[in-house]
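Subject: Structure for you to look at

Dear colleague,

I am passing on the structure we spoke about, and below it I have written out what was found. Please keep it open beside this message while you read.

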Amino acid sequence: MNASVAVILALALGTYAFRLVGPVLHGRVEIPARAQELASAGAVVLLVALLATGALTESGGFAGWARPAGVLAGGVLAWRRAPFVVVVLGAAATTALLRLAGAG
C-alpha cells in the first residue's frame with residue numbers, strides 16, 4: 001500500500017469517526033448554552049468571511065464592482081424571502097448587466 005492510499009484511508013476513517021461521534025454522544029454530553037451561542041456566532045462569521053472573500057477577490061486582487069453588486073442583490077432578494085431561483089437569477093442578472101455596461 002503506498003502513502004497516498006494510506007492517507008486517504010486515514011482521512012476516511014477520521015471523517016467517519018467525526019460523523020459517528022454525534023449520534024453516539026447524543027444525550028450524554030450537555031453543551032452549555034453559551035458555548036452553543038458562540039458556535040452559532042462563529043459559523044455566521046465564517047460564512048460571512050467566505051462570502052466576502054468570494055465576492056470581492058479574484059486571483060489575489062479586487063474582482064471589480066459587478067460581482068459584489070450581484071452578491072448584494074442576491075442577499076437583498078434572499079433577505080426579502082424570494083424563492084431560491086429568483087435569488088440566483090437576480091444576482092446573475094445584476095452581475096451580467098453591470099459587466100455588460102462596463103463596470104467589470
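The buried residues of helix α3 pack against α2 and α4, and in this model, which is predicted, those buried residues are Ala66, Pro68, Gly70, Ala73 and Gly74. Helix α3 itself covers residues 66-79, 14 residues in number, and reaches 20 Å from its first C-alpha to its last, which is close to the 20 Å expected at 1.5 Å a residue.

Two packed helices are described by the angle between their axes and the distance between the axes.

How do α3 and α4 pack? Their axes are 8 Å apart, and the angle between them is about 155°. Because an angle over 145 degrees counts as roughly antiparallel, α3 is described as roughly antiparallel to α4. The crossing of these two helices, α3 and α4, is right-handed. On the α3 side the contact is made by Ala66, Arg67, Ala69, Gly70, Ala73, Gly74, Leu77 and Ala78, and on the α4 side by Val86, Val87, Gly90, Ala91, Thr94, Thr95, Leu98 and Arg99.

If residues up to four places away in sequence are not counted, Ala69 touches Thr94 and Leu98. Ala69 and Thr94 are 25 residues apart in sequence, yet from C-alpha to C-alpha they are 7.0 Å apart in space. Ala69 counts as partly exposed, because its relative accessibility is 24% and the word buried is kept for values under 20%.

Ala93 has its place in helix α4, which runs over residues 84-100, and the C-alpha atoms of Ala93 and Gly70, 23 residues apart along the chain, are separated by 7.6 Å. Gly70 is one of the buried residues of α3, whereas Ala93 is partly exposed, with a relative accessible area of 35%.

The other partner is α2, whose axis lies 8 Å from that of α3, with an angle of about 140° between the two. The helices α2 and α3 are therefore oblique to each other. Here Leu51, Gly54, Ala55 and Leu56 in α2 meet Arg67, Pro68 and Val71 in α3. Arg67 also has a place in the list of residues that make the contact with α4.

Next come the charged pairs. Side chains of opposite charge can pair when their charged atoms come close. How many salt bridges are there? The count comes to two.

One of them joins the side chains of Glu58 and Arg67, at 2.5 Å from N to O. Glu58 is partly exposed, with a relative accessible area of 41%, and Arg67 is partly exposed as well, with a relative accessible area of 22%.

The other salt bridge is formed by the side chains of Arg34 and Glu37, at 3.7 Å from N to O. An α-helix has 3.6 residues a turn, so residues three or four places apart point the same way. Arg34 and Glu37 are three residues apart in helix α2, which covers residues 33-56, and so they are separated by about one helical turn. Arg34 is exposed, its relative accessible area being 54%, while Glu37, at 49% relative accessibility, counts as partly exposed.

Finally, please look at two places in the backbone. Most residues other than glycine have a negative phi. Which value does Ser59 have? Its phi is near 55°, a positive value in a residue other than glycine. Ser59 has its place in the loop between β1 (57-58) and β2 (61-62), and Ser59 is exposed, with a relative accessible area of 80%.

Arg81 is the other of these places, with a positive phi near 65°. Arg81 follows α3 and has its place in the loop between α3 and α4. With a relative accessible area of 75%, Arg81 is exposed.

Notes. Residues are numbered from 1 along each chain as its sequence is written. This is a predicted model: local features need pLDDT of at least 70, side-chain atom pairs count only at pLDDT 80 or more; totals for chains, interfaces and linings use all residues. Side-chain values use heavy atoms; hydrogens and water are left out. Helices (H or I, at least four residues) and strands (E, at least two) are DSSP runs, numbered from the N terminus. Buried means under 20% relative accessible area, exposed over 50%, partly exposed in between (1.4 Å probe, protein chains only). A salt bridge is a side-chain nitrogen of Lys or Arg within 4 Å of a carboxyl oxygen of Asp or Glu. The expected span of a helix is 1.5 Å times one less than its number of residues. Contact means heavy atoms within 4.5 Å. Axes are lines fitted to C-alpha atoms, for helices over the stretch in contact, and angles run from 0 to 180 degrees between N-to-C directions. Angles under 35 degrees count as roughly parallel, over 145 as roughly antiparallel, 65 to 115 as roughly perpendicular and the rest as oblique. A crossing is left-handed if the near helix is turned anticlockwise from the far one by less than a right angle, and right-handed if clockwise.
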